[in-house]
Amino acid sequence: IETDRETFEQAIAIYLGEVLVRNAPPFEWFVAEFAFEPDHYEIGVRRPLYQVMLSRLWPAPRERNRREQSIWRAYQRHSGSRDAR
C-alpha cells in the first residue's frame, strides 16, 4: 500500500494513542475543539493533568533517529515511563 508521508505520520500518531490507552492507564481517548479554528475538532489521549493531541505529533523529520526508536521515545515521554531500554 502506497501512501504519502503526512498520512503515514497521522496513522502513526493514532497508533501511539492506542498504545498509550491500552498500556499506560489511566489514558483515555477524547475529542476537543481545535484551539485556532472554531468548529474544527481534533482527537487526542489524556490522563489527569496531561493530554496529547494526535493530529500533529511529528512536526519535523527525524534525521537523528539512527537507532530508529523515536516512536519508543515518544511513548516513554508521554507515558511517563523511565525505562530507557
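Colleague: Hi! Where is tryptophan 29 found?

Modeller: Tryptophan 29 is in strand 1. Bear in mind that this is a predicted model.

Colleague: Thanks. How accessible is tryptophan 29?

Modeller: Tryptophan 29 counts as partly exposed, because its relative accessibility is 32%.

Colleague: And which residues make the nonpolar surface patch?

Modeller: The patch is made by Ile14, Trp29, Val31, Tyr41 and Ile43, and its area is about 470 Å². Two elements each give two or more residues to this patch: strand 1, residues 28–33, and strand 2, residues 41–47.

Colleague: Let's switch to charges. How many salt bridges are there?

Modeller: The count comes to 2 salt bridges. In one of them, the side chains of glutamate 18 and arginine 22 meet, with 2.4 Å from N to O.

Colleague: Where do glutamate 18 and arginine 22 lie?

Modeller: Both residues lie in helix 1, which covers residues 5–23. Glutamate 18 and arginine 22 are 4 residues apart, or about one turn of the helix.

Colleague: Is arginine 22 buried or exposed?

Modeller: Arginine 22 is exposed, because its relative accessible area is 64%.

Colleague: Okay, which residue forms a salt bridge with glutamate 28?

Modeller: That is arginine 46, and the closest N and O atoms of the two are 3.0 Å apart. Glutamate 28 lies in strand 1 and arginine 46 in strand 2, so this pair ties together parts that are 18 residues apart in sequence.

Colleague: Why does glutamate 28 count as partly exposed?

Modeller: Because glutamate 28 has 40% relative accessibility, and partly exposed covers the range between under 20% for buried and over 50% for exposed. Arginine 46 is also partly exposed, with a relative accessible area of 33%.

Colleague: New topic: how many aromatic pairs does the structure hold?

Modeller: The structure holds 2 aromatic pairs. One of them is formed by phenylalanine 27 and tyrosine 50, and this pair is edge-to-face, with 6.4 Å centre to centre and 80° between the planes.

Colleague: Which parts does that pair tie together?

Modeller: Phenylalanine 27 lies in the loop between helix 1 and strand 1, while tyrosine 50 lies in strand 3, residues 50–53, so the pair ties together parts that are 23 residues apart in sequence. Phenylalanine 27 counts as buried, because its relative accessibility is 5%. Tyrosine 50, at 28% relative accessibility, counts as partly exposed.

Colleague: What about phenylalanine 34 and phenylalanine 36?

Modeller: Phenylalanine 34 and phenylalanine 36 form an edge-to-face aromatic pair too, with 5.8 Å centre to centre and 75° between the planes. Phenylalanine 36 is exposed, with a relative accessible area of 70%. Phenylalanine 34 counts as partly exposed at 29% relative accessibility.

Colleague: Last one, I promise. Where is the place of glutamine 76?

Modeller: Glutamine 76 sits in helix 2, which covers residues 70–79.

Colleague: Is glutamine 76 buried or exposed?

Modeller: Glutamine 76 counts as buried, because its relative accessibility is 12%, and buried means under 20%.

Colleague: What separates the C-alpha atoms of glutamine 76 and alanine 24?

Modeller: A distance of 9.9 Å separates those C-alpha atoms, and the two residues are 52 residues apart along the chain.

Note on methods:
Residues are numbered from 1 along each chain as its sequence is written. Side-chain values use heavy atoms; hydrogens and water are left out. Patches are made of residues with over 30% relative accessible area and no salt bridge: like charges are joined within 9 Å, nonpolar side chains (Val, Leu, Ile, Met, Phe, Trp, Tyr) within 5 Å. Accessible areas come from the Shrake-Rupley method with a 1.4 Å probe; for residues, only the protein chains shown count as cover. A salt bridge is a side-chain nitrogen of Lys or Arg within 4 Å of a carboxyl oxygen of Asp or Glu. Buried means under 20% relative accessible area, exposed over 50%, partly exposed in between (1.4 Å probe, protein chains only). Rings of Phe, Tyr and Trp (its six-membered ring) pair if their centres lie within 6.5 Å; planes under 30 degrees apart count as stacked, over 60 as edge-to-face and the rest as tilted.
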